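Subject: Structure handover, pockets

Hello,

Here is the structure for you to look through. My notes on its pockets follow below.

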Amino acid sequence: MVKHAVEANFDGLVGPTHNYAGLSWGNVASKSNVRAESNPQEAALQGLAKMKRLADRGYVQGVLPPHERPHIPTLRKLGFEGSDSQILERVAKASPSILAAVSSASTMWTANAATVSPSADTGDHRVHFTPANLSAKFHRSIEHVVTGRALKAIFADESYFAHHPALPSVSQFGDEGAANHTRLCGGYGEPGVELFVYGQIAFNEQAPAPKKFPARQTLEASQAIARLHGLKEQGVVFAQQNPDAIDAGVFHNDVIAVGNGNTLFYHEMAFLEEEQVLAGIRSRLTGAELDAVRVSSAEVPIEDAVASYLFNSQLLNTPDGMLLAVPGECREVASVSRYLDELVKSGGPITSVEVFDVKQSMRNGGGPACLRLRVVLSDDELQAMHRGVLLTDALYERLTTWVRAHYRDRLSQEDLADPMLLEEVRKALDELTGILGLGSIYDFQR
């Protein structure tokens with residue numbers, strides 16, 4: 001029985017330690033802004049403004065909390081001893097790179113938080129969540145524990161929601177979450193096709209793989225999640241990302257492709273076996289025909305796609321077609337801006353383009369699509385979740401006031417060792433869990 005459902009977007013609230021440490025090898029934007037001074041307050045307000053614009057348009061918009069950073073428990077595991085302030089002083093002297101890693105605000109990019117399968121696709125007809133292990137990067141590999149706590153607090157009713165632990169944190173099961181996962185369907189409440197995109201086959205050294213940058217998602221990880229979520233074989237497609245695209249800076253599939261409903265918007269370099277991938281989706285998609293919007297290298301060179309984050313945009317339903325919510329940088333790259341104008345005039349499924357200012361996130365390598373986790377929910381599931389994280393006018397005002405009260409307007413790498421920063425973060429997050437009604441999800445609260 002098909003139920004009415006909506007696609008809710010849960011954006012990550014940018015954390016108070018948002019900084020530019022250049023931690024993500026393979027992410028061109030992240031590396032190009034190393035050691036620039038950041039503005040955490042502006043970053044958080046930009047993210048909230050994006051959420052508010054979409055909520056005002058009628059989309060179901062939720063908020064996911066940032067994590068405690070610097071993360072003292074991780075530093076203690078690495079052998080740093082003493083009081084919190086002594087630990088910060090010692091790690092700053094011994095290894096500024098480790099301090100930068102445990103201070104990263106990368107949890108803002110909730111497209112990497114988890115893989116989510118809607119109840120219409122799963123064997124037990126519950127919504128399934130698996131937090132990503134993010135094992136390719138140390139600074140992100142420490143996220144999944146608190147991410148799992150937050151998701152369980154929001155989606156607590158076990159009759160509607162199922163939660164799995166992250167996959168083993170080893171390279172063979174490297175999992176980057178929804179950034180490499182797209183769902184295509186006729187309607188949100190109908191059974192869909194879950195497209196898992198991987199960069200390499202871990203247990204086959206002869207298989208194609210990138211040469212310059214690492215492939216972060218493995219086929220083995222994608223297959224494991226499909227099993228855990230109880231997905232049927234006819235509802236899943238596994239596709240290998242083009243290794244040349246990874247080497248061009250496309251570290252996740254959502255930097256080169258985005259899907260919504262029956263539409264897949266992608267660059268011709270997205271997939272290693274393009275025709276095979278499209279044929280697999282078409283043969284499995286029910287209730288609608290696949291509408292594949294292909295962008296050629298002649299229209300938008302891969303370098304321009306990466307620089308602008310054209311495909312790291314949100315693709316959203318409207319009464320008059322689909323809206324593509326793009327970062328401002330798309331209007332700063334000539335080939336991309338020209339393509340967007342032609343796209344709207346083409347008569348295809350994408351009928352409008354809107355620009356969003358997320359510059360603070362973009363400088364660290366994350367566009368609008370990185371900032372949100374999509375969760376398809378039936379009407380009953382929407383009522384069953386913890387609704388205190390859904391953005392309303394009142395919550396928006398509380399959160400903007402909270403950000404202005406607790407966030408610094410500039411942050412350098414040297415500031416990460418300041419014990420006062422840690423105190424500011426904990427005070428802010430303790431207040432935030434009260435605002436959102438999430439309970440004690442942080443280590444310092446437990």
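The largest pocket has a lining of 27 residues, and Ser119, Ala120, Asp121, His125 and Pro191 are the ones nearest its centre. A pocket here is an open set of points on a 1 Å grid over the protein atoms alone, where a 1.4 Å probe fits and protein lies on both sides within 12 Å along at least five of seven lines; lining residues have an atom within 4 Å of a point. Strand E15 (372-378) and helix H14 (379-384) are the elements that give two or more residues to this lining. E15 gives the most, with 3 residues. Helices (H or I, at least four residues) and strands (E, at least two) are DSSP runs, numbered from the N terminus.

This is a predicted model, in which local features need pLDDT of at least 70 and side-chain atom pairs count only at pLDDT 80 or more, while totals for chains, interfaces and linings use all residues. Residues are numbered from 1 along each chain as its sequence is written, and side-chain values use heavy atoms, with hydrogens and water left out.

The space in the largest pocket is about 580 Å³, a volume being the space filled by probe spheres set on the points, which are joined across faces, edges and corners. Its lining divides into 11 nonpolar, 9 polar and 7 charged residues. Ala, Val, Leu, Ile, Met, Phe, Trp, Tyr, Cys and Pro count as nonpolar, Asp, Glu, Lys and Arg as charged, and the others, Gly among them, as polar.

The second largest pocket holds about 300 Å³ of space. E8 supplies the largest share of its lining, 5 residues.

Regards
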